[in-house]
Amino acid sequence: MPAPTTHQSTLILEAVKAALLNKTDAGTRVALSPLVTFRDNQIPSIAIWDPSEDVVEASWEGSRSPRKLQHEMVVQIQTAFKFNQAMTEISATANNFKRQIEAAMHADYTFGGVCTDSMKRSTTKQVDRDSDQFVLFMTVEYAFRYLVDAPEAADAQATDSLTTVDTRFSLNNAQAPADQLQAQRGLGT
Amino acid sequence: VTWATLLETADRAALAQWGTPVVYTPGNGSPAATVTGIFSNASQIASSDGLQVIGTQPRVFLRLEDLPSDPSSDEPTVTINGTTYTVDNPQVDGEGGVSLTLYRVS
């Protein structure tokens, strides 16, 4: 199978961005980047990135070939709000924005087929006081699962030729193992 | 001449030179007073992980004896150039001056 030109995790990030565009109060201010600087007139905006990814260990051990590795990729959706001590509704504002994110993200768990499943994992909030108003940072975290073929080793572009086959015959799967016929057939030259 | 007197003289000279009118409204119900303070609003960046929000950090320096309440125990608001701020984290210098960190109300 030819190598894909775009990594699956990139396709997932792009699908998340597409799902959030114009679906929240951030409008089109949705960026794929871990490093985003917001200005006053750009709040709220959304920054999306993928800080980590694991391969599910159980997918190492399957007997299928080619092996399919199940990945769990973490995607963080970050945003920020400004508020003042007098603005007691800041939690409601942040939670309403979170609801908009959830509504967009939960519309299609496979995001058009780029993953096998997706699930919200957590929401965290943090307040920074270094500004003319307090700044509330909110991170909504999702986990994405996707399957990929294990990549071929660079030094083994093709599998070895098939030369012999070991076979065992059992009539209707009813014969005792000791009575089953075993044979080896040579296929090569 | 004591150190405190020298410092007050320096503060008063600075307030006279660079001061701006500050409407100080006590939170305890006392009448508001217009005093002179040195206002600054330098750039400041709030950050969390890779996310940054560009803003400013307004502060004002005042002489405690000019104020109708003690901002360390009161919760005043101040209005400077038409913008109203709440006050947080009063930092007294121990010599009669106080620096207030300000947050825009709206």
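Visitor: Of the 106 residues of chain B, what percentage count as buried?

Guide: In this predicted model, 37% of the 106 residues of chain B count as buried. For chain A, which has 189 residues, the corresponding figure is 34%.

Visitor: Which secondary structure elements does chain B have, and in what pattern do they run from the N terminus on?

Guide: Chain B comes to one helix and six strands, and from the N terminus on its elements run α-β-β-β-β-β-β. Its C-alpha atoms fill a box of roughly 50 × 30 × 25 Å when taken along the principal axes. If you consider the contacts in chain B between residues at least 6 apart in sequence, 50% of them join residues at least 24 apart.

Visitor: And how many helices and strands are there in chain A?

Guide: Chain A has two helices and eight strands, and read along the sequence they follow the pattern α-β-β-β-β-α-β-β-β-β. Among the contacts in chain A between residues at least 6 apart in sequence, 59% join residues at least 24 apart.

Visitor: At what angle do helix 1 and helix 2 of chain A pack, and how far apart are their axes?

Guide: The general idea is that two packed helices are described by the angle between their axes and by the distance between those axes. Here helix 1 of chain A, residues 8-20, packs with helix 2 of chain A, residues 90-105, at an angle of about 120°, and their axes are 9 Å apart. The two helices are therefore oblique to each other, since the range counted as roughly perpendicular is 65 to 115 degrees and the one counted as roughly antiparallel lies over 145. Helix 1 of chain A passes helix 2 of chain A in a right-handed crossing.

Visitor: Which residues of helix 1 and helix 2 of chain A meet?

Guide: From helix 1 of chain A come A:Val16, A:Ala19 and A:Leu20, and these meet A:Ile101, A:Ala104 and A:Met105 in helix 2 of chain A. Sorted by class, this contact has six nonpolar, no polar and no charged residues.

Visitor: What area is buried between chain A and chain B?

Guide: The size of an interface is often given as the accessible area lost when the parts come together. Between chain A and chain B the buried area is about 2100 Å², of which carbon and sulfur atoms give 49%. On the side of chain A, the residues that lose the most area to chain B are A:Asp130, A:Asp132 and A:Phe137, together 26% of what that side buries. The contact takes 26 residues from chain A and 23 residues from chain B.

Visitor: Where in chain A is there a cis peptide bond, and which residues of chain B have a positive phi without being glycine?

Guide: As a background, most residues other than glycine have a negative phi, and most peptide bonds are trans. In chain A, the peptide bond from A:Ile43 to A:Pro44 is cis, with omega near 0°, and A:Pro44 is found in the loop between strand 2 (36-38) and strand 3 (46-55) of chain A. In chain B, residues with a positive phi include B:Asp49, with a value near 55°, and B:Asn89, with a value of about 55°.

Visitor: Are B:Asp49 and B:Asn89 buried, partly exposed or exposed?

Guide: B:Asp49 lies in the loop between strand 2 (33-48) and strand 3 (51-63) of chain B, and with 68% relative accessibility B:Asp49 counts as exposed. B:Asn89 is found in strand 5 (residues 83-92) of chain B and is partly exposed, with a relative accessible area of 40%.

Visitor: Is B:Thr101 buried or exposed?

Guide: B:Thr101, whose place is in strand 6 (residues 97-104) of chain B, has a relative accessibility of 5% and so counts as buried. Leaving aside neighbours within four places in sequence, the residues in contact with B:Thr101 include B:Asn89, as well as B:Gln57, B:Pro58 and B:Arg59.

Technical notes
Residues are numbered from 1 along each chain as its sequence is written. Chains are lettered from A and ligands numbered from 1 in the order in which they are written. This is a predicted model: local features need pLDDT of at least 70, side-chain atom pairs count only at pLDDT 80 or more; totals for chains, interfaces and linings use all residues. Side-chain values use heavy atoms; hydrogens and water are left out. Axes are lines fitted to C-alpha atoms, for helices over the stretch in contact, and angles run from 0 to 180 degrees between N-to-C directions. Helices (H or I, at least four residues) and strands (E, at least two) are DSSP runs, numbered from the N terminus. Angles under 35 degrees count as roughly parallel, over 145 as roughly antiparallel, 65 to 115 as roughly perpendicular and the rest as oblique. A crossing is left-handed if the near helix is turned anticlockwise from the far one by less than a right angle, and right-handed if clockwise. Contact means heavy atoms within 4.5 Å. Ala, Val, Leu, Ile, Met, Phe, Trp, Tyr, Cys and Pro count as nonpolar, Asp, Glu, Lys and Arg as charged, and the others, Gly among them, as polar. Buried area is the accessible area (1.4 Å probe) that two parts lose on being put together, summed over both. Buried means under 20% relative accessible area, exposed over 50%, partly exposed in between (1.4 Å probe, protein chains only).
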